[in-house]
Amino acid sequence: MAEVQATPELLFDKTDHTYTTPDGVVLPSVTQILKELGFYPHSEFYTNESRQRGVDVHLACQYYDENDLDETTLRDEIRPYVEAYKRFRTESGFEPQLVEYRLYSKTYGYAGTMDRVGMLTSKTTIIDLKTGQPQCADALQTAAYAYAYTEMTGVKVMERYGLYLKDTGSYRLQNHKERSDLQIFLAAASLYQYKKSKGLI
């Protein structure tokens with residue numbers, strides 16, 4: 001069974017989507033940085049409808065990974081996405097080890113909640129669940145999570161994927177493999193901090 005690990009010492013404020021470290025430092029989230037820098041320019045990701053759909057699908061998939069999903073409670077709108085996730089788990093053999101894991105980088109000053117990390121083809125792999133269309137920011141997001149996870153645990157992430165769940169019950173697994181992904185995210189994080197220091201955010 002996957003472990004849900006919320007990194008208790010890392011506090012999360014849902015109102016402004018920020019995280020606070022044990023020593024009181026407030027950090028922006030990965031998605032907050034990417035949104036502020038314009039990496040989601042034409043995305044439906046931030047509409048109320050799509051946001052709620054994503055929240056509901058993530059929660060249902062979390063319950064599934066915990067072997068605690070009551071499928072009779074699933075709304076018709078959500079069910080195909082969950083079926084797609086179940087199909088992915090069966091067909092790929094992916095075994096999640098941590099679910100909805102809060103993490104942060106002390107070095108670069110950002111935080112986030114990683115959807116899944118586990119074993120896929122015997123490699124430590126990050127899986128990021130999506131219910132919308134692929135965005136260029138998605139690979140930057142998983143790169144940020146991979147770096148912070150390795151910084152916190154010492155475990156090297158070998159693979160990163162976006163898992164795009166469809167309302168047809170199918171899925172698409174997209175490999176995030178560009179080495180430049182982390183460099184681009186860190187540049188965005190630095191620019192975010194600069195704008196914040198100048199009162200532009």
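Thr142 is in contact with Ile126, Asp128, Arg160, Tyr161 and His176, leaving aside its neighbours within four places in sequence. The model is predicted. Thr142 sits in helix H4, which spans residues 137-153. The other topic here is strand S6, residues 110-120, with its pairing partners S5 and S7.

- Thr142 has 0% relative accessibility. Buried means under 20%, so Thr142 counts as buried.
- The side chain of Thr142 makes a polar contact with the side chain of His176 at 2.9 Å.
- His176 is also among the residues listed as contacts of Thr142.

**Burial of strand S6**

- Of the 11 residues of S6, 10 are buried.
- The strand is therefore largely enclosed by the rest of the structure.

**Pairing of S6 with S5**

- Strand S5 covers residues 95-105.
- S5 and S6 pair in the antiparallel sense, over nine bridges.
- Arg102 has Thr113 of S6 as its bridge partner.
- The hairpin of S5 and S6 has four residues between the strands. In this hairpin, Gly109 takes a positive phi near 70 degrees.

**Pairing of S6 with S7**

- Strand S7 covers residues 123-130.
- S6 and S7 run antiparallel and are joined by five bridges.
- Arg116 has Ile127 of S7 as its bridge partner.
- Two residues lie between the strands in the hairpin of S6 and S7. Here Thr121 takes a positive phi near 50 degrees.

Key: Residues numbered from 1 in each chain as written. Predicted model: local features only at pLDDT ≥ 70, side-chain atom pairs only at ≥ 80, totals over all residues. Heavy atoms only, no water. Buried < 20%, exposed > 50% of the residue type's maximum accessible area, 1.4 Å probe, protein only. Pairing = 2+ DSSP bridges. Polar contact = N/O pair within 3.5 Å; in protein donor to acceptor, adjacent residues only side chain to side chain. Contact = heavy atoms within 4.5 Å.
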